[in-house]
Amino acid sequence: MNESPREGSPRAPEEGLVAWTHVIYGLHSLSVLMGVAGAATVVGAFVFGLPSIVAVVLSYLKRGEATGTFLESHYRWLIRTFWFAVLWGAMAVVVTLVLVLTIVGILVAWLPMLVVGVWLVYRVARGWLALKDGKRLPVSPAGDRQAGS
């Protein structure tokens, strides 16, 4: 009998790792909440807030333990959410600055940050709900590491 897990049936994660994943989603959610309730934008609180920075560091530290489990997709999802928030947030700032330079743009300058903020709420909520249900998230199977790099 072959003891290695098949592609379609990942091994079950340890309960402690599932709990850590909930903590990481909770930290990201706290950053989002700080952005909604505070003076900062959701994107600013998510990218520069201590809870999200701690969460992304924990994600990098714990993702190795998740290899071969459904949690592997969650750690990739969490890490990609953070780094895409940095990218989309920077792009939103540039677009906002360009829009502010026009008189009409002042009226819609808030829109790019709102779109990125809604995207962040969606990513954190979808991931956490999938974790609660014990489901994988849709990520490319190649992972962050490409062949030869």
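**Exercise 1.** In which helix of the protein is confidence lowest, and in which is it highest?

*Solution.* This is a predicted model, in which local features need pLDDT of at least 70, side-chain atom pairs count only at pLDDT 80 or more, and totals for chains, interfaces and linings use all residues. Residues are numbered from 1 along each chain as its sequence is written, and side-chain values use heavy atoms, without hydrogens and water.

Step 1. Take pLDDT, the predictor's confidence in each residue from 0 to 100. Its mean is lowest in helix α5 (residues 105-108), at 74, and highest in α3, at 96. Helices are DSSP runs (H or I, at least four residues), numbered from the N terminus.

**Exercise 2.** Describe how α1 is placed against α3.

*Solution.* Step 1. The axes of α1 (residues 15-37) and α3 (residues 50-62) come within 8 Å and cross at roughly 155°. Axes are lines fitted to C-alpha atoms, for helices over the stretch in contact, with angles from 0 to 180 degrees between N-to-C directions.

Step 2. The two helices are therefore roughly antiparallel, a class for angles over 145 degrees.

Step 3. List the contact residues. Among them are W20, I24 and L27 in α1, and V54, A55 and L58 in α3.

Technical notes: Angles under 35 degrees count as roughly parallel, over 145 as roughly antiparallel, 65 to 115 as roughly perpendicular and the rest as oblique. Contact means heavy atoms within 4.5 Å.
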